[in-house]
Each structure stands twice: as C-alpha cells, then as structure tokens.
Amino acid sequence: MRTWLRTLILLTCLSPVLALSPGCYAEVEAPGPPPAPPPAVVVAPRPGYVYVDGRWTWTGQRWVWVAGHYERVRGGHRYVPGHWVQTPHGYRWVEGGWVR
C-alpha cells in the first residue's frame, strides 16, 4: 500500500480523537521499533475501571505518544494490553482488548 494512503488511513482511523471509534481499523507498519516510553505516571486506582497505558503510534512519518486512559471493567473479561511486534517489513501494532 502506498505510504500516503497508509498515512491517510492512520490519520483517519487511528488518531487519538477517533481511536475508540468502533469498526475503524488499519494495519500500519513502522520502519523501526517505537521509542522508549516516557517516565511512568502514577495513576490513581479507580473502582470499576482498568487503566490502559499510553503508547507510541506511527503516523507514517514520525512517532507520536498517545496518552493512557481508563476503560470500564467488563464482567467475566480481562484486559490484555496492546503491543508492538516485529515483522519482516517493520513493526506492527497489535491492539489490546478484552478477552473472556
């Protein structure tokens, strides 16, 4: 896929504002690993919620930090964090989510 098209999909589907939009998905590969995360922020526990750590996202041209957020706990599920995986073509983000 052309770089400009990947960037357009990324900016449309994975921008921090739209990141939680259901059904919006694009597979993006970064040329190298993400930078080290910034120093950890102490997050207050919030009953009934799990805190999802912030992460680096690739815009097609540079790394951008996306802040963490709280998600309401889902009964009978546990949250599995997202992570970057190395592929033959670069690094790909595997989205986290709730599993039974």
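Student: Quick one to start: is Trp-63 buried or exposed?
Tutor: Trp-63 is buried, with a relative accessible area of 18%. Keep in mind that this is a predicted model.

Student: Okay, and which residue does Trp-63 form an edge-to-face aromatic pair with?
Tutor: That would be Trp-84. The centres are 5.1 Å apart, with 80 degrees between the planes. Trp-63 lies in strand E4 and Trp-84 in strand E7, so the pair ties together parts that are 21 residues apart in sequence.

Student: And Trp-84, buried or exposed?
Tutor: Trp-84 is buried, at a relative accessible area of 17%.

Student: How many aromatic pairs does the whole structure have?
Tutor: A search of the whole structure turns up seven. One of them is Trp-56 with Trp-65: their ring centres are 5.3 Å apart and the planes are at 75 degrees, so that pair is edge-to-face. Trp-56 is buried at 18% relative accessible area, while Trp-65 is partly exposed at 33%.

Student: Switching to the strands: what order do they take in the open sheet?
Tutor: The order is E1-E8-E7, with antiparallel pairing. E1 (29–30) and E7 (83–87) are the edge strands, each pairing on one side only.

Student: How many bridges link E7 and E8?
Tutor: Five, in the antiparallel sense.

Student: And what stands opposite Val-85?
Tutor: Arg-92, in E8.

Key:
Residues are numbered from 1 along each chain as its sequence is written. This is a predicted model: local features need pLDDT of at least 70, side-chain atom pairs count only at pLDDT 80 or more; totals for chains, interfaces and linings use all residues. Side-chain values use heavy atoms; hydrogens and water are left out. Two strands pair if DSSP finds at least two bridges between them. Helices (H or I, at least four residues) and strands (E, at least two) are DSSP runs, numbered from the N terminus. Rings of Phe, Tyr and Trp (its six-membered ring) pair if their centres lie within 6.5 Å; planes under 30 degrees apart count as stacked, over 60 as edge-to-face and the rest as tilted. Buried means under 20% relative accessible area, exposed over 50%, partly exposed in between (1.4 Å probe, protein chains only).
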